[in-house]
Amino acid sequence: QVQLVESGGGLVQPGGSLRLSCTASGNIFSIYAMDWYRQAPGNERELVGSITAGGTTTYADSVKGRFTISRDNAKNTALNTVYLQMNSLKPEDTAVYYCTSRTYGGAYGGQGTQVTVSS
C-alpha cells in the first residue's frame with residue numbers, strides 16, 4: 001500500500017502563486033505515476049496533470065503554461081515527493097487538490113488540500 005499526504009494549500013490572491021506538495025510513503029517502489037486532481041464544489045473531479053517515474057509530465061489544457069509538476073529526486077528512481085507549482089492563479093482554480101499514486105496493485109489517494117483564489 002501507499003500513503004499520500006498533501007500540503008501547501010491556502011488562500012491566495014488572483015495572479016499569485018502556490019506550491020503544493022505530495023509525499024508518498026509505504027511501497028513507493030510500486031508507483032509508476034502520480035497525478036494531481038482537483039474538485040470544486042458542484043463540479044466533477046478534474047485531472048490537473050501527471051508525472052511518471054520516468055519524468056514525463058502532462059497537463060490539462062486549463063492549466064498548461066501556468067502549472068508545473070516536478071519531483072524531488074532523479075527520474076527513474078522511486079517517486080517520493082511531487083510538487084504542483086501553480087502560478088498566475090485564477091478564481092476558477094479554487095478547489096480541493098488531491099494527489100493520487102498509480103501502482104501495479106491499484107491506485108491510492110490523499111486527503112486533499114484546499115486552494116482558494118480570491119481577493
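Two strands pair if DSSP finds at least two bridges between them. In this predicted model, strand E4 (31–39) and strand E5 (residues 46–52) meet that description, pairing in the antiparallel sense over 6 bridges.

**Strand pairing and hairpins**

E4 and E5 form a hairpin with 6 residues between them. Gly-42, in the turn of this hairpin, has a positive phi of about 80°. Within the pairing, Asp-35 has Ser-50 in E5 as its bridge partner.

E5 also pairs with strand E6 (residues 57–59), in the antiparallel sense and over 3 bridges. Here Ser-50 stands opposite Thr-58 in E6. E5 and E6 form a hairpin with 4 residues between them, and Gly-55 in its turn has a positive phi of about 100°.

**The disulfide**

A search of the whole structure finds 1 disulfide. The bond joins Cys-22 to Cys-99, with an S to S distance of 1.8 Å. With 55° about the S-S bond, this link is right-handed. The pair connects distant parts of the chain, since Cys-22 belongs to strand E3 and Cys-99 to strand E9 (residues 95–103), 77 residues apart. Cys-22 counts as buried because its relative accessibility, 0%, is under 20%. Cys-99 is likewise buried, with a relative accessible area of 0%.

Ser-30 lies in the loop between strand E3 (18–26) and strand E4. The side chain of Ser-30 reaches the backbone oxygen of Asn-27 at 2.6 Å. Not counting residues up to four places away in sequence, Ser-30 touches Val-2, Arg-102, Thr-103 and Tyr-104. Ser-30 is buried, because a relative accessible area of 14% falls under 20%.

Gly-16 is placed in the loop between strand E2 (10–12) and E3. Its contacts, leaving aside neighbours within four places in sequence, are with Met-86, Asn-87, Ser-88 and Leu-89. Gly-16 and Val-117 are 101 residues apart in sequence, and their C-alpha atoms are 8.3 Å apart in space. Gly-16 is buried too, with a relative accessible area of 18%.

The accessibility values of the residues discussed are listed below.

| Residue | Relative accessible area |
|---|---|
| Gly-16 | 18% |
| Cys-22 | 0% |
| Ser-30 | 14% |
| Cys-99 | 0% |

How values were computed: Residues are numbered from 1 along each chain as its sequence is written. This is a predicted model: local features need pLDDT of at least 70, side-chain atom pairs count only at pLDDT 80 or more; totals for chains, interfaces and linings use all residues. Side-chain values use heavy atoms; hydrogens and water are left out. Helices (H or I, at least four residues) and strands (E, at least two) are DSSP runs, numbered from the N terminus. Buried means under 20% relative accessible area, exposed over 50%, partly exposed in between (1.4 Å probe, protein chains only). A polar contact is a pair of N or O atoms within 3.5 Å; within protein, one must be able to donate a hydrogen and the other to accept it, and residues adjacent in sequence count only if both atoms are side-chain atoms. Contact means heavy atoms within 4.5 Å. A disulfide is a pair of cysteine sulfur atoms within 2.5 Å.
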